[in-house]
Amino acid sequence: DSPAGEEVEVLHQTVEELRRENEALRATDGATKSHGRVKRVFSWVLIVLACILAVVSVVVVFGRNQLLNTDTYVNTVAPLASNPAIQTQVATKVSDQLIARTDLETRVKNALPSRAGFLASPITSEVKSATYTVALKLVQSPQFYKLWVEANRVSHKQLVAVLTGSSTGSVSTAGGRVTVDLGQVEVQVKKRLDSKGITVFNKVPAVKGLNFVLFQSDQLVKIQKLTRILNKLAVGLPIVSLLLFAGGVVLARNRRRGLVRAAAGLALSMGVVLVAVSVGRNQYLSSLSATQSKPANAAVIDTVSAPLQDTVRTVAIVAAVVAIIALLAGVPAIRRWVSSRRRPEWLTHGPFHDFVALHRRGLQWTVLGIGLFLLIVWNKPTTLVAVIVVLVTLALVGVVGLLAGKRPRSATSAGGNGDVAPG
């Protein structure tokens, strides 16, 4: 063969080698893009699941730590004793029950001379009015506050009764109702009436079962079953939620954007909780019968749900702030301004930066592990504490990613010679 033919053959071989290399690069690039798409999908799925679990976690942790704790529960319901709607309802309940168990008009008529029988009705009316007035003054006094607090403290197992459907102490959940026994309040009203000379109720026996209805719902039994199940998951749900949030951020191609999605999703989830509480409140009040006091029931719902709503609002605000800060960190103008500022050498180069860049994943998982450890060892963390731990952990995971930047390279690797830095 001529030299020209050999050169052509060499060129053909070179072209063939280049073609194979090009196909290999395309296959690798396609696999990389496919892998990136899968990670993005998984990132979104994890964040969505984390947001759903965050909603459930908030409700479950609130129910366990706010309502199953005696002191916390008493502090929650104690203000109801000073609510005018509750006071009116209690006074009406006690006075009506006293009068209902007494043939008052007949007794008054028997006590009057036959010629004064026509006075029985007006006297009976006055006694009824006086009974209500005395009952109302009692429930407006500090003595009633003490009775109310003590009744709720003694009936701390009310919440266990709500969860199990049993009756405990002065509280019952029979018939889908949560009630508090007002027997001691009736005793005090009778004593005050007696001190004013109204002794007609002295022989009326005290009965157990003078109940004030706090809640009533046909769905209480279903709620009890659901609560028992979720109560067992009160510790695990926040941990799983944290893992899912962290996984969603770590799998995101851009971890800053992943943090924005996670924090924004959490804030939106908390907003859903607030809407659900408001809708549930309105639905419950709308379902009340004409004989039930809406102001009194509204006072109970608003008082009991206030700690939950305050916690949810706080979490929503903190999550929104984290999302906004992470979002602003990606604005080109802000990034240029920040990059133009002089930063410490250790933050952009040197051993610290190189260490963070080389061990970014390890550091991020370490931060995640610390967050999980805090949730596990913390003795009954409140809803706010649990979610704040989640937010701080996510923020630190994002900070590590931002500080790491690009992986460090040796000075000679940029020119194509020398060893590449490990990692």
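Which hand, left-handed or right-handed, does the crossing of H3 and H12 have? The legends below, which refer to a predicted model, begin with this pair of helices.

**View 1. Helix H3 (residues 84–100) packs against helix H12 (residues 294–328).** The crossing of H3 and H12 is left-handed. The two axes approach within 8 Å and cross at roughly 125 degrees. On the H3 side, the contact involves Ala85, Ile86 and Gln89; on the H12 side, Pro295, Ala296, Ala299 and Val300.

**View 2. A salt bridge joins the side chains of Asp302 and Arg281.** The N to O distance of this pair is 2.6 Å. Asp302 lies in helix H12 and Arg281 in helix H11 (residues 255–286), so the pair links distant parts of the chain, 21 residues apart. A search of the whole structure finds two salt bridges. Side chains of opposite charge can pair when their charged atoms come close.

**View 3. Helix H5 (residues 120–139) crosses helix H8 (residues 183–195).** The axes come within 9 Å, and the crossing angle is roughly 120 degrees. This angle makes H5 oblique to H8. The crossing of H5 past H8 is right-handed. From H5, the residues involved are Ala130, Thr131, Val134, Ala135, Lys137 and Leu138; they meet Val185, Gln188, Val189, Arg192 and Leu193 of H8.

**View 4. Helix H4 (residues 104–111) packs on H5.** The angle between H4 and H5 is about 125 degrees, and their axes are 9 Å apart. H4 is consequently oblique to H5. H4 passes H5 in a right-handed crossing. Leu104, Glu105, Val108 and Lys109 of H4 meet a set of H5 residues comprising Ala120, Ser121, Ile123, Thr124, Val127 and Lys128.

**View 5. A nonpolar patch on the surface includes Ile52 of helix H1 (residues 3–67).** The patch is formed by Val41, Trp44, Val45, Val48, Leu49 and Ile52. Together, these residues present about 550 Å² of accessible area.

Key. Residues numbered from 1 in each chain as written. Predicted model: local features only at pLDDT ≥ 70, side-chain atom pairs only at ≥ 80, totals over all residues. Heavy atoms only, no water. Patch = residues over 30% accessible without salt bridge, like charges linked within 9 Å, V, L, I, M, F, W, Y side chains within 5 Å. Areas by Shrake-Rupley, 256 points an atom, 1.4 Å probe, with all protein chains shown as cover. Salt bridge = Lys/Arg side-chain N within 4 Å of Asp/Glu carboxyl O. Helix = DSSP H or I, 4+ residues; strand = E, 2+ residues; numbered from the N terminus. Axes fitted to C-alpha atoms, helices over the stretch in contact; angles between N-to-C directions. Left-handed = near helix turned anticlockwise from the far one by under 90°. Contact = heavy atoms within 4.5 Å. Parallel < 35°, antiparallel > 145°, perpendicular 65-115°, else oblique.
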